[in-house]
Amino acid sequence: MNGTIDLLFWQLFAAYLFVLILVVIVRIRGIPREKEIFIASIRMTLQLILVGYLLVYVFKYTHPVYTLLLVATMLAFSIRTIIKRAKGNLSYAMKRIIAFSMTSGILVSLIFFIFIVLQLEPWYEPRYVIPIAGMIVGNSMTGIALGVNSLIEGMHIQKDKVEAALMLGAKPKAAARNIVNQAFDSAMLPTINSMVGMGIVFLPGMMTGQILSGTSPIVAVEYQIAIMLGIVGSVSLSVILFVQLGYRTFFNHRSQLDLEGSGKIQR
Amino acid sequence: MFRLKGVKVKGILSVPELTIIRNTITCIVGESGSGKTSLLRLLNQLDSPDEGEIWFDQCPLSETDPIEWRRNVVMVPQAPIVFKGTVGDNLQIGLSFSDKPAASDERLMQALHLVCLEKGLAQDAENLSGGEKQRLSLARAVLMNPMALLLDEPTSALDEDTANKVFQRLTAFIRENGKTLVIITHSRSIADTYADLIIEIKDGMPQVDGRVYSERND
């Protein structure tokens with residue numbers, strides 16, 4: 001069988017049966033989530049239709065500005081999501097560090113991927129840049145979101161240990177070292193786990209998509225390996241930048257612990 | 001040595017004037033929540049006053065490097081903190097935090113002896129009792145050989161006999177080595193026995209012999 005099966009309207013509509021099954025389950029079990037499930041399904045559908053038409057336009061009228069604009073939009077939304085998902089009220093300094101780490105980590109990895117790994121001609125070819133940027137941004141967002149929560153929680157829970165180290169003349173960097181390492185570790189864990197399970201526990205979305213659209217599985221695997229390594233690079237770069245800069249917002253200019261000045265945990 | 005003038009901390013502490021003299025033992029007594037720990041934290045530069053200034057000799061603390069300061073004026077909190085690792089690791093960590101060279105096992109054992117803690121260096125510090133952890137924290141601070149020690153109820157988890165033994169050895173060490181000791185204690189008898197000066201903090205104000213410190217000086 002060659003080419004792709006173009007889904008008819010009723011075929012696509014039939015897939016919504018799974019949402020109905022979910023609604024029935026939550027109703028039977030008395031879990032009040034029907035409204036959210038409906039809203040999420042409608043949002044998912046509308047957002048994907050919108051992005052589908054947008055991509056058709058961008059692919060047809062290829063221009064670097066369109067590509068850059070789409071990447072910038074993805075980046076901005078991911079930063080907004082991290083800030084909204086954080087367990088505390090983040091300070092302005094912390095928000096700035098999140099934005100800086102995400103932007104730097106993602107741009108460095110994306111530029112390396114486009115110019116060195118793929119050697120795209122032209123470099124802004126949206127058919128490649130946009131899906132790859134999407135995967136890199138999405139994974140970095142998950143990593144930093146976990147890192148932010150782990151760092152804030154660690155600084156609050158281990159406050160006494162941090163202060164005990166300061167009392168012994170430790171620099172803030174040394175006093176926060178274990179918490180920073182734990183935050184880095186918890187941020188990287190999903191990416192490492194996903195590498196371990198890839199190909200055995202699950203087939204990644206991009207590879208599945210390529211195979212479904214008729215690409216040879218070997219080519220799909222090559223792309224998947226390359227993009228996975230790109231994701232590892234981007235997540236680790238973004239997260240290390242974040243934790244290395246983020247812990248500093250918990251200390252003031254007199255090297256005193258200032259939990260009020262940074263992420264405050266909502267009780 | 002330490003001179004506080006017009007120092008205020010968010011309605012917790014108000015110190016019109018206070019002097020703590022070099023190479024002496026000062027005990028701070030007072031009810032819970034009276035502001036004793038706040039005063040010690042100010043001296044360690046773990047907090048800064050909202051108003052007023054603290055001087056060390058002629059130098060305002062706000063102009064000193066706080067990290068370098070804490071390496072010379074070490075504070076031990078009331079709730080003992082042990083770090084992951086052995087007793088030996090916990091003793092060395094203060095030196096490591098303050099970028100000082102590691103101590104020999106002999107010096108570590110001497111520090112443990114000073115606080116009456118007869119434990120092996122290889123023992124896991126997490127398994128020590130509350131009182132043992134308190135003495136380990138104290139030994140760790142002594143090992144750093146600071147100019148001044150600020151101790152927040154260092155023997156609150158110890159029985160009276162052990163507490164007295166620790167104080168005897170510690171105060172002897174302080175006097176022999178020309179160091180300054182500021183201790184918060186709930187025990188009036190310990191204060192009476194070992195202190196050169198007893199400061200009572202009442203409603204956030206330091207008093208000596210029942211009078212506000214500045215009035216006494218007047």
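**Reading the model**

Author: The crossing of helix 4 of chain A and helix 5 of chain A is right-handed; a crossing is right-handed if the near helix is turned clockwise from the far one by less than a right angle, and left-handed if anticlockwise. This is a predicted model, in which local features need pLDDT of at least 70 and side-chain atom pairs count only at pLDDT 80 or more, while totals for chains, interfaces and linings use all residues. Residues are numbered from 1 along each chain as its sequence is written, and chains are lettered from A and ligands numbered from 1 in the order in which they are written.

Reader: How many helices and strands does chain A have?

Author: Helices (H or I, at least four residues) and strands (E, at least two) are DSSP runs, numbered from the N terminus. Chain A has eleven helices and two strands. Their order from the N terminus is α-α-α-α-β-α-α-α-α-α-α-α-β. The C-alpha trace of chain A spans about 70 × 55 × 35 Å along its principal axes.

Reader: At what angle do the axes of helix 4 and helix 5 of chain A cross?

Author: Axes are lines fitted to C-alpha atoms, for helices over the stretch in contact, and angles run from 0 to 180 degrees between N-to-C directions. Here helix 4 (residues 64-85) and helix 5 (residues 92-118) of chain A have axes that come within 10 Å and cross at roughly 140°. The two helices are therefore oblique to each other; angles under 35 degrees count as roughly parallel, over 145 as roughly antiparallel, 65 to 115 as roughly perpendicular and the rest as oblique.

Reader: Which residues meet there?

Author: Two residues are in contact if their C-beta atoms, placed from the backbone, lie within 7 Å. From helix 4 of chain A come L75(A), S78(A), I79(A), I82(A) and I83(A), and they meet K95(A), I98(A), A99(A), M102(A), T103(A) and I106(A) of helix 5 of chain A. The residues of this contact divide into eight nonpolar, two polar and one charged. Ala, Val, Leu, Ile, Met, Phe, Trp, Tyr, Cys and Pro count as nonpolar, Asp, Glu, Lys and Arg as charged, and the others, Gly among them, as polar.

Reader: What is in contact with I98(A), leaving aside its neighbours within four places in sequence?

Author: I98(A) is then in contact with I79(A), I82(A), I83(A), I144(A), V148(A) and F242(A). I98(A) and I144(A) are among the residues that touch the most other members of the largest nonpolar core, which has 121 residues. Such a core is a set of buried Ala, Val, Leu, Ile, Met, Phe, Trp, Tyr and Cys residues joined through C-beta atoms within 7 Å. Helix 6 (residues 126-157) of chain A gives the most to this core, with 14 residues.

Reader: Is D57(B) buried or exposed?

Author: A residue is buried if 20 or more other C-beta atoms lie within 10 Å of its own, exposed if 12 or fewer, and partly exposed in between, with C-beta atoms placed from the backbone. D57(B) is exposed, because 8 other C-beta atoms lie within 10 Å. Its phi is near 55°, a positive value in a residue other than glycine. D57(B) is in the loop between strand 4 (51-56) and strand 5 (59-60) of chain B.

Reader: Where is P122(A)?

Author: P122(A) is in the loop between helix 5 and helix 6 of chain A. The peptide bond from E121(A) to P122(A) is cis, with omega near -5°.
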